[in-house]
Amino acid sequence: MSIERLQACIRRRKTPVALVLNPVEERLDGKFLNNFTNMYGDCPMAHAEALRYHGSQAISQTAELLPAVILRAEPYLSQGFMGMDVLSNLVNMAKSQGMYTVVDARCAGIEPWLGGGVNADAVTVLPYGSAESWTPPEDKAVFAVLRTRDAGTGSVQNLMAGDRQVFLAAGEQAARFGAGAMAETGYSLDIRDLRRRLKDTFLLLACCDGDNAYPAFDEYGHGAMIADESIQYAPDMAAAAQEAVATMKKTIQVL
């Protein structure tokens with residue numbers, strides 16, 4: 001199963017820290033974009049090539065240190081078909097270097113992301129689709145996005161559905177189909193509730209440090225992964241990844 005492969009990657013690297021590629025162009029090194037705009041003009045191709053260079057540098061510098069990469073789809077798709085080509089290229093590059101790949105598309109249909117040119121190992125989905133959203137090919141995985149950090153979403157996600165909040169009810173539905181769960185939260189109480197309700201579900205946690213994520217893991221450091229968005233902006237991404245791994249080991253030991 002695909003999530004078992006992900007857990008194997010985590011055990012091999014001895015860390016649950018994952019690289020996130022969600023590049024905000026204004027935070028990238030401007031000289032790279034300038035180089036491409038000088039070649040192609042200020043057009044989607046130039047912006048897409050800057051994203052390709054940035055992503056390939058991040059993957060090549062961290063592939064020996066981190067088990068997985070999570071690629072947020074929007075920054076790439078905003079550049080049209082060239083951006084889609086970059087996303088596909090980065091997924092395949094990461095896989096070739098031994099990283100598990102998750103496209104954070106928050107979609108309803110999984111086929112464009114798990115097949116075709118992108119061919120990622122896993123994709124994130126919104127948790128209100130049909131059963132087809134939860135049934136990927138056997139060697140692929142789906143993560144239901146239960147908690148998001150967008151302003152105002154808590155007014156819906158925190159609504160009560162029987163004896164539990166909506167985000168927990170959606171997680172239970174996803175678990176019945178064998179999906180993983182993704183949550184953007186830095187609150188340990190949210191994570192405790194998720195783990196209590198979703199005992200055997202693999203959790204993908206964003207916007208969270210090791211101390212607050214601790215309840216998601218078992219005594220062997222298994223069962224969850226923590227997405228790190230800061231590494232992608234570091235001047236030395238390899239050094240930043242090493243520091244993130246060392247910091248996480250103070251709280252979570254992977255055996």
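Which element gives the most to the lining of the largest cavity?

Reply: Strand β2 gives the most to that lining, with 3 residues. The model is a predicted one, in which local features need pLDDT of at least 70 and side-chain atom pairs pLDDT 80 or more, while totals for chains, interfaces and linings use all residues. Residues are numbered from 1 along each chain as its sequence is written, and side-chain values use heavy atoms, without hydrogens or water.

The search of the whole structure finds 1 cavity of 30 Å³ or more (on a 1 Å grid over the protein atoms alone, points where a 1.4 Å probe fits but cannot get out). About 80 Å³ of space lies in the largest cavity, the volume being the space filled by probe spheres on points joined across faces, edges and corners. Its lining is made up of 13 residues, those closest to its centre being Val20, Asp104, Arg106, Met182 and Glu229; lining residues have an atom within 4 Å of a point. Two or more residues each come from β2 (68-72), β3 (100-107) and β8 (180-184). Here helices (H or I, at least four residues) and strands (E, at least two) are DSSP runs numbered from the N terminus. By class, the cavity lining has 6 nonpolar, 1 polar and 6 charged residues (charged: Asp, Glu, Lys, Arg; nonpolar: Ala, Val, Leu, Ile, Met, Phe, Trp, Tyr, Cys, Pro; polar: the others, Gly among them).

The largest pocket has a volume of about 320 Å³; a pocket is an open set of points with protein on both sides within 12 Å along at least five of seven lines. Among its 17 lining residues, Leu28, Asp29, Phe32, His54 and Met237 are the closest to its centre. Helices α2 (30-40) and α3 (44-62) each supply at least two lining residues, and α3 has the largest share, with 5. The pocket lining comprises 9 nonpolar, 5 polar and 3 charged residues.

Aromatic rings can be followed next. The search finds 1 aromatic pair (Phe, Tyr or six-membered Trp rings with centres within 6.5 Å; planes under 30 degrees apart are stacked, over 60 edge-to-face, the rest tilted). The ring centres of Phe143 and Phe202 are 6.2 Å apart and the planes lie at 70 degrees, so this pair is edge-to-face. Phe143 belongs to strand β5 (141-147), whereas Phe202 is in the loop between α9 (188-197) and β9 (203-206), 59 residues apart. Phe143 and Phe202 are both buried (under 20% relative accessible area with a 1.4 Å probe, protein chains only; exposed is over 50%, partly exposed in between).

Charges also sit over rings (NZ of Lys or CZ of Arg within 6 Å of the ring centre and within 35 degrees of the ring normal). Arg27 lies over the face of Tyr233, 3.8 Å from the ring centre, and the charged end of Arg147 is over the ring of Phe167, 4.1 Å from its centre.

Two loop residues complete the account. Most residues other than glycine have a negative phi. Asn119, in the loop between α6 (111-114) and β4 (122-125), has a positive phi near 55 degrees and is partly exposed at 27% relative accessibility. Cys207, in the loop between β9 and α10 (210-213), has a positive phi near 60 degrees and counts as partly exposed at 35%.
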